[in-house]
Amino acid sequence: MKTRRSTIKRIVAMPFLAFLMVALQSCVVEVPPEDSDPPTFSFRLIGDGFDHTFTQNTNFNNITLMLKIGVTYQFTFYGNDEGGMDYMGWYTVHSGSMEVDPELHGEWNFSELTGSTSLEWHGQPNDPLSGSIITGTFTTQGDVVSDGTFRFTLEDYGGESGRSNNITKDLSVVFGAHNTRIRDY
């Protein structure tokens, strides 16, 4: 019964995420004269019995994300700024411990180098949007414990003055033969 419910939840969640992506991509905003509020973001991760959403308010300095080797995780990365989003990026340094498979759309760009991956979105100043969202999966791999980092970077237009507000948060990650969890310090 539990498996059936989780399957139904996933079936319902996918159309909602698709609708949200379309709606968000078409949310044109006006850049205000001044914008002193930084962007906001969320990064949701589901897999191995784990379901957690990290935001700009998460205390990244006191936690480590423990990912289990051999697991496929679903992710959703969302960013928003009411004054218009100029840039979103998710960078991973993983030393080959994961393979990312994003569902690319719109202005999203995907790049893989040996041991690192990046997903980036660039806004259009002449047609500013409030933000964007991307979903996908990644699969952890390897047979040794390794360290990594997830970096989330967002930047808005900063208003007509052009002094952008930005936010960068780093999440420490450990890939290994342990259950997926958040380790607190």
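Which residue in strand 10 does T92 stand opposite? Select T92 and look across: the residue facing T92 is F150 in strand 10. Keep that pair on screen while we set up the tour.

**Before you start**

This is a predicted model, in which local features need pLDDT of at least 70, side-chain atom pairs count only at pLDDT 80 or more, and totals for chains, interfaces and linings use all residues. Residues are numbered from 1 along each chain as its sequence is written, and side-chain values use heavy atoms, with hydrogens and water left out.

**Stop 1: the whole chain**

Zoom out and switch to a cartoon view. You will find one helix and 12 strands in the chain. These elements are DSSP runs numbered from the N terminus (helices are H or I with at least four residues, strands are E with at least two). Follow the chain along its sequence and the pattern reads α-β-β-β-β-β-β-β-β-β-β-β-β. Of the 185 residues, 43% are buried. Here buried means under 20% relative accessible area, exposed means over 50%, and partly exposed lies in between (1.4 Å probe, protein chains only).

**Stop 2: strand 5 and its two partners**

Select residues 85–93, which form strand 5, and residues 146–156, which form strand 10. The two run antiparallel, joined by eight bridges; strands count as paired if DSSP finds at least two bridges between them. Besides T92 and F150, look for W90, which stands opposite F152 in strand 10.

While you are in strand 8, click on S116. S116 counts as partly exposed because its relative accessibility is 22%.

**Stop 3: strand 10 meets strand 11**

Next, select residues 166–176, which are strand 11. Strand 11 pairs with strand 10 in the antiparallel sense over 10 bridges. One place to look is D147, whose bridge partner in strand 11 is V174.

Draw a line from V173 to H94: the two are 79 residues apart in sequence, yet 8.4 Å apart in space, C-alpha to C-alpha.

**Stop 4: the salt bridges**

Side chains of opposite charge can pair when their charged atoms come close. How many salt bridges does a search of the whole structure find? The search finds two, where a salt bridge is a side-chain nitrogen of Lys or Arg within 4 Å of a carboxyl oxygen of Asp or Glu.

Show the side chains of R151 and D170 to see one of them, with the closest N and O atoms 2.6 Å apart. This pair links distant parts of the chain, with R151 in strand 10 and D170 in strand 11, 19 residues apart. R151 is partly exposed because its relative accessible area is 37%, and D170 is partly exposed because its value is 34%.

Then show D51 and R44, whose side chains meet in a salt bridge (2.6 Å, N to O). D51 is partly exposed at 46% relative accessibility, and R44 is partly exposed at 36%.

**Stop 5: two loop residues with positive phi**

Select D48, in the loop between strand 1 (40–47) and strand 2 (50–55). Its phi is near 60°, a positive value in a residue other than glycine. D48 counts as partly exposed, because its relative accessibility is 32%.

Move on to S95, in the loop between strand 5 and strand 6. S95 also has a positive phi, near 50°, and is a residue other than glycine. At 56% relative accessibility, S95 counts as exposed.

**Last stop: a charged patch**

Finally, switch to a surface view and color E99, D101, E103 and E112, which gather in a patch of negative charge. In such a patch, like charges are joined within 9 Å, and each residue has over 30% relative accessible area and no salt bridge. E103 sits in the loop between strand 6 (98–102) and strand 7 (108–113). With 41% relative accessibility, E103 counts as partly exposed.

Definitions and conventions: Patch = residues over 30% accessible without salt bridge, like charges linked within 9 Å, V, L, I, M, F, W, Y side chains within 5 Å. Areas by Shrake-Rupley, 256 points an atom, 1.4 Å probe, with all protein chains shown as cover. Lys, Arg positive; Asp, Glu negative; His and termini not counted. Charge placed at Lys NZ, Arg CZ, Asp CG, Glu CD.
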